[in-house]
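Hi,

Here is the model I promised to pass on. Have a look at it first, and then read my notes below.

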Amino acid sequence: MGLIFGGAVVVVVGIAAHLLWPTGDAGADSQNLKKSSIKQPEPEPFPLLSEPWRKMSWGDKESDLQYVQNYTPLNKRIKHLRVLLFGPVGSGKSSFINSVSSSVRGRITQPAAASSTTSDHSFTTTYQTHDIRRGTSDSFYQLVFNDIMGLEEGTGRGVRAEDIKLAMMGHVKEGYKFNPVSPLSAGDPDYKPSPSPDDQVHVLVCILSANAVEVKVLEKMRLIREAARDLGIPQMAMITHIDEACEETEKDLRNVYKSKHLKKNMKDFRAVVGIPLNYIFPVKNYSEEIDIVDDVDSLILSALRRMIDFGDDFIGKMDSSHHKYQKDGWMDWFQWFDYRILITLLLGFVILIRMRMR
């Protein structure tokens, strides 16, 4: 009995010591228990489709590059096809212009100042036209890009939809500094009363980030898209930051059209923004590379070729008498003409009265 009682005392003391001073294994078990109570998201077992849902000619960028190099506007009155980029702050508008320039010139270039920092405010504040130089020569492609201030949530912030509509019609002068509080008006020095067909926009391109959880400027985008629709301007969308949004695409850019995540993103953007899926193109902007990469170029040049096609179709219609630009152009001309006639008549009337008073 004594031995049993003594053994029981030892067991009780041992249990107490274990509870008061747990060993390392017990502490680890406690931590593991805490971790197991937190539900961890399970990775998707098959993040890639077995086959790409859109055909892409990888390794054949020269065909699209040659197409861009040989492009001449269908309408001989127009020297350049003009592409206007718009989108939320930080979506990569300026970086896309730099990436296009790099792809067609065969080296990393930076015609547009871009910011790599995350900010709620637009880095671009003025209306800027960017020509794309041909290699190292003094000649340029017959294609220009216009960069503008980014869209921001709320009133009195970011570029105004009214200013973008004026830019589409060619009324905004180069270097105009956007005012988030007040739009450009006909009496301002930066207002161009009689824009030429070259001044007017031929393709409107929305730039969106694949990393965007939600698009917070939908109302402004709707107004801009409706204005472009009324003017008959074709519209496209570029989805940027695809490598950051999808790990499989970051590993291999050729997975872009196999990625279930990116396909869902593009469908979501289609539903939210309203641009058809075959007018939406995923691209990767040059950001950390110091040399060009063929697969990056392939995506950019493929999108650029469609941009030229859509824009040139529109340019071909600009001479028709029922075209919206034609009506607005004649209206602006008549306003300009009537204004000068009125001033001339008033001056003549004043001179006539003075002559009679003498």
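Asp-294 is partly exposed, with a relative accessible area of 47% (buried means under 20%, exposed over 50%, partly exposed in between, using a 1.4 Å probe and protein chains only). A quick word on where this comes from: this is a predicted model, so local features need pLDDT of at least 70 and side-chain atom pairs count only at pLDDT 80 or more, while totals for chains, interfaces and linings use all residues. Residues are numbered from 1 along each chain as its sequence is written, and side-chain values use heavy atoms, with hydrogens and water left out.

Back to Asp-294: its salt-bridge partner is Lys-61, with the closest N and O atoms 3.1 Å apart. A salt bridge here is a side-chain nitrogen of Lys or Arg within 4 Å of a carboxyl oxygen of Asp or Glu. Lys-61 sits in helix 3 (residues 61-69) and Asp-294 in helix 10, so the pair ties together parts that are 233 residues apart in sequence. Helices (H or I, at least four residues) and strands (E, at least two) are DSSP runs, numbered from the N terminus. Lys-61 itself counts as buried, at 11% relative accessibility. Asp-297 belongs to the picture too, as Lys-61, Asp-294 and Asp-297 are linked in a network of salt bridges.

The whole structure has 16 salt bridges. Among them is Glu-247 with Lys-251, at 3.9 Å between the closest N and O atoms. These two are four residues apart in helix 8, so about one helical turn separates them. Glu-247 is exposed at 55%, and Lys-251 is exposed at 58%. Helix 9 holds another pair, Asp-268 and Lys-264, also four residues apart, about one turn of the helix; their N to O distance is 2.9 Å.

Leaving aside neighbours within four places in sequence, Asp-312 is in contact (heavy atoms within 4.5 Å) with Tyr-71, Thr-72, Pro-73, Leu-74 and Leu-81.

**The sheet and the overall fold**

The protein chain has 11 helices and six strands, and 41% of its 358 residues count as buried. An open sheet of six strands runs in the order 2-3-1-4-5-6, with mixed pairing (two strands pair if DSSP finds at least two bridges between them). Strand 2 (128-133) and strand 6 (280-282) are the edges, each pairing on one side only. Strand 2 and strand 3 (residues 140-147) pair in the antiparallel sense over five bridges, and Asp-131 stands opposite Val-144 in strand 3.

**Two loop residues**

Asn-255 is in the loop between helix 8 (247-251) and helix 9 (260-273), and counts as buried at 12% relative accessibility. A polar atom of the Asn-255 side chain lies 3.1 Å from the backbone oxygen of Glu-248. Ala-113, in the loop between helix 4 (93-105) and strand 2, is partly exposed at 48%. Not counting residues up to four places away in sequence, Ala-113 touches Ser-94, Phe-123 and Thr-124.

Cheers

Note on methods: Polar contact = N/O pair within 3.5 Å; in protein donor to acceptor, adjacent residues only side chain to side chain.
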